[in-house]
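Hi everyone, thanks for coming. Let me put the sequence and the model up on the screen, and then we'll walk through it together.

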Amino acid sequence: MHELSIVENIVETLEEFSKENSLSKIGSVTVVMGEVSGVVPHYLTDAWDWFTKKSELMKGSKLIIESKPAVTICNSCHKTYPTLKYAKICPYCQSEDTVLQEGDELYIKEIEAE
C-alpha cells in the first residue's frame, strides 16, 4: 500500500509549508489525482485519516480528491482520446504509436488553513 507513503509525503510537505507561512491549522487539502495514477482513492483516504491523527497541524483536516481524466495522444494522427476507453490503440487511425498525455499525476491543488 504505497498510499501511506504518499500521504506521509503530503503531510511533510504541508508541515514545511505551514512553518514557512506561519500557519497553525490545516482545514482541508485538495489533491488532483489522475485516473491512471495507480493510487486507490479509498486507500488514500484511509491513510489520510490514520496519518493526520498523529499531527496537531493536520488533526481533523479533510482530504478532497479531484479526479483528472487520462488522455492519450496519437503520434500518427495527432488526435487525443480518452485513455480508459481505448487504451493504447487510437480510435481514429488504429495506430499503437500513442503516448499518455495526462492523467497519471497526483499533486496538491489547494490548501485551506489558518
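So, what do the buried residues of helix 2 pack against? They pack against helix 1, strand 1 and strand 2, where a contact is a pair of heavy atoms within 4.5 Å. Helices (H or I, at least four residues) and strands (E, at least two) are DSSP runs, and they're numbered from the N terminus.

Quick word on the source: this is a predicted model, where local features need pLDDT of at least 70 and side-chain atom pairs count only at pLDDT 80 or more, while totals for chains, interfaces and linings use all residues. Residues are numbered from 1 along each chain as its sequence is written, and side-chain values use heavy atoms, with hydrogens and water left out.

Back to helix 2. Its buried residues are Leu44, Ala47, Trp48, Phe51 and Thr52. Buried here is under 20% relative accessible area, exposed is over 50%, and partly exposed is in between, with a 1.4 Å probe and protein chains only. Those residues cover an arc of only 110° around the axis, so they sit on the same side of helix 2; the arc is taken from the directions from the helix axis to the C-beta atoms.

We've got an open sheet of 3 strands in the order 2-1-6, with mixed pairing; two strands pair if DSSP finds at least two bridges between them. Strand 2 (62-68) and strand 6 (106-113) are at the edges with a single partner strand each, so one side of each has no neighbour in the sheet. From one strand to the next, the twist averages 20°. Strand 1 (residues 26-34) pairs with strand 2 in the parallel sense over 7 bridges, and Val31 stands opposite Ile65 in strand 2.

Helix 2 (residues 41-52) packs on this sheet, touching strand 1 and strand 2, and its direction makes about 160° with that of strand 2. Axes are lines fitted to C-alpha atoms, for helices over the stretch in contact, and angles run from 0 to 180 degrees between N-to-C directions. Helix 1 (residues 3-20) lies across strand 1 and strand 6, at about 45° to strand 6.

Next stop, Thr72, in strand 3 (residues 71-74). Buried or exposed? Thr72 is buried, at 3% relative accessible area. Leaving aside neighbours within four places in sequence, its contacts include Tyr81, Leu100 and Ala87.

Most residues other than glycine have a negative phi. Yet His78, not a glycine, has a positive phi of about 65°; His78 sits in the loop between strand 3 and strand 4 (80-82) and is exposed at 59%. Ala87 also has a positive phi, near 60°. Ala87 lies in the loop between helix 3 (83-86) and strand 5 (98-102), and is partly exposed at 45%.
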